[in-house]
Amino acid sequence: MRNEKIETLSTVKLQHNPELYKIVDSLNRTLKDDDLMFGLALDEEDNETAVFTIYRT
């Protein structure tokens, strides 16, 4: 079994938009075979800010 370490490559904060999840979903579906994973969350301190993160899996 391969070592399952997740490495954060980049994190960007941007203005939240309800459609951002579509981009993240598309990236995850398209690039999962390249060992990349994308995340999207609301900033814990500001609900108007989204946090987009790129991971290597």
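This is a predicted model: local features need pLDDT of at least 70, side-chain atom pairs count only at pLDDT 80 or more; totals for chains, interfaces and linings use all residues.
1. Overall layout. The chain contains one helix and three strands, and, read from the N terminus on, these elements follow the order β-α-β-β. The C-alpha trace spans about 40 × 20 × 15 Å along its principal axes, and of the 57 residues of the chain, 19% count as buried.

2. The aromatic pair. A search of the whole structure finds one aromatic pair. Its members are Phe-38 and Phe-52, whose ring centres are 6.1 Å apart and whose planes meet at 15°, so the pair is described as stacked. The pair links distant parts of the chain, with Phe-38 in strand E2 and Phe-52 in strand E3, 14 residues apart. Phe-38 has a relative accessibility of 9% and therefore counts as buried, since that value lies under 20%.

3. Arg-56, which is placed in strand E3, is 18 residues away from Phe-38 in sequence, while the two C-alpha atoms are 8.8 Å apart in space. In contrast to the buried Phe-38, Arg-56 counts as partly exposed at 40% relative accessibility.

4. The salt bridge between Asp-43 and Lys-13. The structure holds three salt bridges, and one of them joins the side chains of Asp-43 and Lys-13, with a distance of 2.7 Å from N to O. Because Asp-43 lies in the loop between E2 and E3 whereas Lys-13 belongs to strand E1 (residues 7-15), this pair ties together parts that are 30 residues apart in sequence.

5. The salt bridge within the helix. Arg-29 forms a salt bridge with Asp-25, and the closest N and O atoms of this pair are 2.9 Å apart. Both residues lie in helix H1, where they are four residues apart, or about one turn of the helix. Arg-29 is exposed, with a relative accessible area of 61%, while Asp-25, at 35% relative accessibility, counts as partly exposed.

6. The salt bridge between Glu-19 and Lys-22. The side chains of these two residues meet at a distance of 3.0 Å, N to O. Here both partners fall into the partly exposed class, Glu-19 with a relative accessibility of 46% and Lys-22 with a relative accessible area of 41%.

7. The charged patch. Which residues gather in a patch of negative charge on the surface? They are Glu-44, Glu-45, Asp-46 and Glu-48. Among them, Asp-46 is placed in the loop between E2 and strand E3 (49-56), and its relative accessibility of 32% makes it count as partly exposed.

8. Most residues other than glycine have a negative phi. Asp-35 is found in the loop between helix H1 (20-31) and strand E2 (36-42), and at 29% relative accessibility it counts as partly exposed.

Note on methods
Residues are numbered from 1 along each chain as its sequence is written. Side-chain values use heavy atoms; hydrogens and water are left out. Helices (H or I, at least four residues) and strands (E, at least two) are DSSP runs, numbered from the N terminus. Buried means under 20% relative accessible area, exposed over 50%, partly exposed in between (1.4 Å probe, protein chains only). Patches are made of residues with over 30% relative accessible area and no salt bridge: like charges are joined within 9 Å, nonpolar side chains (Val, Leu, Ile, Met, Phe, Trp, Tyr) within 5 Å. Accessible areas come from the Shrake-Rupley method with a 1.4 Å probe; for residues, only the protein chains shown count as cover. A salt bridge is a side-chain nitrogen of Lys or Arg within 4 Å of a carboxyl oxygen of Asp or Glu. Lys and Arg count as positive and Asp and Glu as negative; His and the chain ends are not counted. The place of a charge is taken as NZ of Lys, CZ of Arg, CG of Asp or CD of Glu. Rings of Phe, Tyr and Trp (its six-membered ring) pair if their centres lie within 6.5 Å; planes under 30 degrees apart count as stacked, over 60 as edge-to-face and the rest as tilted.
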